[in-house]
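Work through the exercises below with the model open. Try each task before reading its solution.

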Amino acid sequence: MSSLYIVIPAYNESENIEKTIDQWYPVVERHNDEGNSRLVIINDGSKDNTYELLQKCAATRPLLVPLDKPNGGHGPTVLYGYRYAIRQKADYIFQTDSDGQTNPDEFEPFWNQRGRYDAIIGSRAVRGDGKFVENVVCFLLRMIFGVKVSDANAPYRLMKSSLVAKYIDKLPEDFNIPNIMFTTYFVHYKEKVKFIEITFKPRQGGTNSINVKKIVKIGWKAVKDFYKLKKEL
């Protein structure tokens with residue numbers, strides 16, 4: 001049997017967080033044969049009552065682990081969750097987001113193929129937002145790293161914990177876009193990776209903390225980081 005840690009970052013998600021737990025907690029329960037699977041939701045310094053709601057829900061859900069950290073952004077929070085799962089000796093890490101854009105009903109095809117692949121990554125053929133940005137990212141990865149992927153940053157990925165541990169120390173703790181680089185490393189180093197098409201809905205509530213100004217700022221930094229990391233391959 002395999003332990004599963006579902007890692008979800010959350011920032012100002014009071015409108016969504018209880019629904020997110022209701023959707024993903026049953027997935028952890030189904031895959032908890034040895035009692036070692038967990039739903040790990042990391043509060044990234046929210047200014048609303050997200051963390052209080054997490055604690056309230058955890059009181060009646062023993063497999064829910066609410067973590068709290070100072071605000072650092074989505075990427076560093078994802079890395080925080082990955083490192084936590086690795087320390088807890090999870091066999092598999094699944095990452096998604098707390099905004100209701102992904103569908104837990106699509107998880108089983110990922111889980112059922114875990115024995116054949118080291119990482120299974122969602123591919124968003126139709127997106128509720130951000131398609132242009134993702135296309136630019138995939139173009140840059142092809143130009144800079146020589147890797148061709150259908151979706152580099154999908155927040156719907158099942159990975160062996162050992163595979164994440166293999167590459168996580170290549171990234172700074174405050175790295176903004178770790179999933180993009182994990183996808184790049186997996187493909188570049190010819191790990192056993194499969195992309196599976198997933199649905200992707202518009203945000204189901206709350207406020208998106210990423211705006212055009214932030215996207216441009218992150219984008220310029222990403223290009224610099226890509227070239228720096230390229231030298232280290």
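This is a predicted model, where local features need pLDDT of at least 70, side-chain atom pairs count only at pLDDT 80 or more, and totals for chains, interfaces and linings use all residues. Residues are numbered from 1 along each chain as its sequence is written, and side-chain values use heavy atoms, with hydrogens and water left out.

**Exercise 1.** Determine how covered strand β4 is, and which way its side chains point.

Step 1. Apply the terms. Buried means under 20% relative accessible area, exposed over 50%, partly exposed in between (1.4 Å probe, protein chains only). Helices (H or I, at least four residues) and strands (E, at least two) are DSSP runs, numbered from the N terminus.
Step 2. Sort the directions. Tyr 92, Phe 94 and Thr 96 point one way; Ile 93 and Gln 95 point the other way. In a regular strand, side chains alternate between the two faces of the sheet.

**Exercise 2.** Find the strands that pair with β4.

Step 1. Strands pair if DSSP finds at least two bridges between them.
Step 2. β1 (residues 4-10) runs parallel to β4, with 4 bridges. Here Ile 6 has Phe 94 as its bridge partner.
Step 3. β6 (residues 156-160) is antiparallel to β4, over 5 bridges. Here Ile 93 is partnered by Met 159.

**Exercise 3.** Describe helix α7 and what follows.

Step 1. Among the buried ones are Ile 180, Met 181 and Phe 182.
Step 2. After α7 comes Lys 190, with a positive phi near 60 degrees.
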